[in-house]
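Dear colleague,

Please find the structure below, together with its sequence. A short account of the findings follows.

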Amino acid sequence: MMRYKEEKDAKKEAFRKYLESSGAVDALTKVLVALYEQNEKPSSALEFIQQKLGGPTIYEYEKLQAEISDLQTKYNELFCKHEDACKELEELKNMHSSVSPLTKETNDGEPLKDEHVEKNS
């Protein structure tokens, strides 16, 4: 039982040292002191802390969420158009490759003559 408590205390101490060395303790202390020194306390202490730590306000967060939603919708539309264009391209490639050399036409609309057929005539 004693060993478990010692391990638990060691984990807590390691975590405390980690928070101190990473600057988290200082940052949180500064924010809490700033909140304490406010003459008029904000309606939301959590929002105050988030804002002081560099996070977006609730309004900014909601605006970003709406922008993400709009961009996702546009992405989905463009992706569908892309897939349709790829299918159409593949169909055109298949049509082009299935046309035999005897049925191809020249640029002026005249059928191409097969040299082998012409020589044997």
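Accessible areas come from the Shrake-Rupley method with a 1.4 Å probe, and for residues only the protein chains shown count as cover. On that basis, the accessible surface of the chain is about 11400 Å², with 56% of it belonging to carbon and sulfur atoms.

The model is predicted: local features need pLDDT of at least 70, side-chain atom pairs count only at pLDDT 80 or more, and totals for chains, interfaces and linings use all residues. Residues are numbered from 1 along each chain as its sequence is written, and side-chain values use heavy atoms, with hydrogens and water left out.

The chain has 5 helices and 0 strands (DSSP runs numbered from the N terminus; helices are H or I with at least four residues, strands E with at least two). Buried residues account for 3% of its 121 residues (buried is under 20% relative accessible area, exposed over 50%, partly exposed in between, with a 1.4 Å probe and protein chains only).

The whole structure holds 4 salt bridges (a side-chain nitrogen of Lys or Arg within 4 Å of a carboxyl oxygen of Asp or Glu). One of them pairs Arg-3 with Glu-7, their closest N and O atoms being 3.5 Å apart. Both residues belong to helix α1 (residues 2-22), 4 residues apart; Arg-3 is exposed at 61%, whereas Glu-7 is partly exposed at 42%. Another joins Asp-9 to Lys-5 at 3.8 Å, N to O. Arg-16 and Glu-13 meet at 2.2 Å, N to O, and lie 3 residues apart in helix α1. Salt bridges with shared partners connect Glu-13, Arg-16 and Glu-20 in one network.

Yours sincerely
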